[in-house]
Amino acid sequence: MMESEFPQELQTQAYGILSSNDVEPLETLFSHVFGSQEPQRSQAYTFLHCCKKHFPHLLFIKLFFVIRCSPVSDTRSRSALVLRYLKICDLWPNLSLIAQNYMKSHFLVCLREEVSMPTLRLLCGIVSEMGSEISKAGHEWPELMDFLLNSIQSDYEKLQQCALWVLAYLPKGFRPVVCEALVPSLEPLHSAILQALSSPNADIQVTACGAVVSLIGLFTSSKGRNWFNDLLRAMMVGLFNLLSHLKEEYARGAVNELIMLVMDEPQILKPYLNHLVLDMLNVLECKKVTDETKLFVDKFLLAMAEATDLAPMMRELPHETMFRLLTTSMQLLLSIKDDNAWYNTESEQGEHDGKMDVYKSGILFLRKLSTALGEKRILPICFELFLGHMEATEWKKRHAGISLLAVIAEECSDEMVMRKDCLDQVTAIILKSFKDPHPRVCWAAFNFMQQPTNLVQAMQILYHLKIVCALDAALDQHRNPTVKEQVVSALQYLLKNVPSDSLRMHTDLDTILWKLPKEPQVVTVL
């Protein structure tokens, strides 16, 4: 028999606390678990794991006792959090059949009587997991189904919310079982969820979206009427309603449920893809919507572009729709500030100073989107956007143009090299950007010339004389140390990739090299 990792003294202490009616030791334990002071916090977690290993049944019962009897909502909530942290799937099977039946009955009473909504939300998640464990063991919980149907049709909002939370939190493996059990009640259930999706209570509205995702098998497998069509439209109407009332946190929750739907059942959305994309573009084009919400919408669109079942349809979107999609994505790249710290070469952030999280997310989104949609589909539109942004008077747009070029060069280099007009235009614009009036645009241009892509390599081979002369001039012109560092790096990168003999024939290479810092890596090129 293996010796326990927990000392006998700790086991004895754990048994004593779990088997007593006193909840004060657990309240103290919770204060340490949810506190930040060490070593109390670590010791509290050790105690919990000791209880879980040696007395899982007592631990479950004790935590439920606190949930049921404590008059303090914060204590009840903490007890529920600990129960979820310890995982119902590890504790439930250790209960006796009598204890399980007791818990099934009394947890439903808890759902009816709990007054704290944060605590109730946690309890609903626990009940969903309990239902899953009961089903895995080959048993049923018909009382739960009755509770859900009665509560979701209730006029009492708390009970509606409770039923919707239980449904939204259903573990994936348990969802088909619940769907099958609810088939006889499909029509009233559909009606109740449809009504919840248009509820003036934003919490109920968003949770109803989660319930739709959980029960998607029920609403799409039935013959005859298309039950899902009404629900999806109600979800989109609800989303716009939340946005119009400036409830963006709730709107992000609704979009997140749609993302879950794409990831779980993408094929269901095929008939609705074009309308969904247009609806989401309307959100992205709305100036009142914050960038944080727009990033959630971008995640949804990207999820559809990356889903195997939906990707071919996304690639076949009309030109106008694709242009709008990429144009709205470009707006994210304007989230950059002319931060004073950027001009300090000793700044810890360096090149990232002034670049907000939205900008970085925009780059990542465009990179993944270009990969998902393919070079032939995005290159013409992205190149058109690049040219348009480089003609803008606002420096942020020119900076965004070069950022976009850097992204598409990673995915579309070969296609761009094959199009000489494209190669010529890129070279001319980048060389012009070396002298841009704003240093951040110059920096972006010099940084682009250090990209290890076939496009930059082709530019260096075909236009190395123009580029080296422009970089030489930039060494003399730029006084900004941050920009000058990039000029040096770009020139060193070119010298590594272009044979020095071909440069010496047409330039005073020694004079140029004399201007560079004396570094071993430059000497080795020669």
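## Gly-16 and the reach of the chain

Gly-16 lies in helix 1. This is a predicted model. Gly-16 counts as partly exposed, because its relative accessibility is 36%. How far is the C-alpha atom of Gly-16 from that of Asp-472? The two C-alpha atoms are separated by 80 Å. Along the chain, Gly-16 and Asp-472 are 456 residues apart.

## Aromatic pairs

A search of the whole structure finds 8 aromatic pairs. One of them joins Tyr-15 and Phe-55. Their ring centres are 5.5 Å apart and their planes meet at 55°, so this pair counts as tilted. Phe-55 is buried, at 15%.

Phe-60 and Trp-92 make an edge-to-face pair. Their centres are 5.8 Å apart, with 65° between the planes. This pair, too, links distant parts of the chain: the residues are 32 apart. Phe-60 is in helix 4. Trp-92 is in the loop between helix 6 (88-91) and helix 7 (97-113). Phe-60 has a relative accessible area of 0%, so it is buried. Trp-92 is buried as well, with 3% relative accessibility against a cut-off of under 20%. Phe-60 and Trp-92 belong to one aromatic cluster with Phe-64 and Phe-107.

## Charges over rings

Two side chains place a charge over an aromatic ring. The charged end of Arg-84 sits over the ring of Tyr-169, 5.9 Å from the ring centre. Lys-299 lies over the face of Phe-296, and here the distance to the ring centre is 5.0 Å.

## Helix 20 and its surroundings

Helix 20 covers residues 319-332, a run of 14 residues. From first C-alpha to last, helix 20 reaches 21 Å. That is close to the 20 Å expected at 1.5 Å a residue.

Which residues of helix 20 are buried? They are Thr-321, Met-322, Leu-325, Leu-326, Thr-328, Ser-329, Met-330 and Leu-332. An α-helix has 3.6 residues a turn, so residues three or four places apart point the same way.

## Helix 23 against helix 26

Helix 23 packs with helix 26 (residues 454-477) at an angle of about 65°. The two axes are 7 Å apart. Helix 23 brings Leu-405, Ala-409, Ser-413, Asp-414, Met-416 and Val-417 to the contact. Helix 26 brings Asn-454, Leu-455 and Ala-458. By type, the contact residues divide into 6 nonpolar, 2 polar and 1 charged.

## Thr-427

Thr-427 is placed in helix 24 (residues 420-433). Thr-427 is buried, because its relative accessible area is 4%, under the 20% cut-off. What does Thr-427 touch beyond its neighbours within four places in sequence? The contacts are Met-459 and Tyr-463.

## Backbone exceptions

Most residues other than glycine have a negative phi, and most peptide bonds are trans. The following sites depart from that pattern.

The peptide bond joining Glu-38 and Pro-39 is cis, with omega about 10°. Pro-39 is in the loop between helix 2 (24-33) and helix 3.

Lys-87 is not a glycine, yet its phi is positive, about 75°. Lys-87 lies in the loop between helix 5 (73-85) and helix 6. Lys-87 counts as partly exposed, because its relative accessibility is 48%. Leu-246, again not a glycine, has a positive phi of about 60°. The loop between helix 15 (227-244) and helix 16 (248-264) holds Leu-246. Leu-246 is exposed, because its relative accessible area is 62%, over the 50% cut-off.

Key. Residues numbered from 1 in each chain as written. Predicted model: local features only at pLDDT ≥ 70, side-chain atom pairs only at ≥ 80, totals over all residues. Heavy atoms only, no water. Helix = DSSP H or I, 4+ residues; strand = E, 2+ residues; numbered from the N terminus. Expected span 1.5 Å × (residues − 1). Buried < 20%, exposed > 50% of the residue type's maximum accessible area, 1.4 Å probe, protein only. Phe/Tyr/Trp six-rings, centres within 6.5 Å; stacked < 30°, edge-to-face > 60°. Lys NZ or Arg CZ within 6 Å of the ring centre and 35° of its normal. Axes fitted to C-alpha atoms, helices over the stretch in contact; angles between N-to-C directions. Contact = heavy atoms within 4.5 Å. Nonpolar A, V, L, I, M, F, W, Y, C, P; charged D, E, K, R; others polar.
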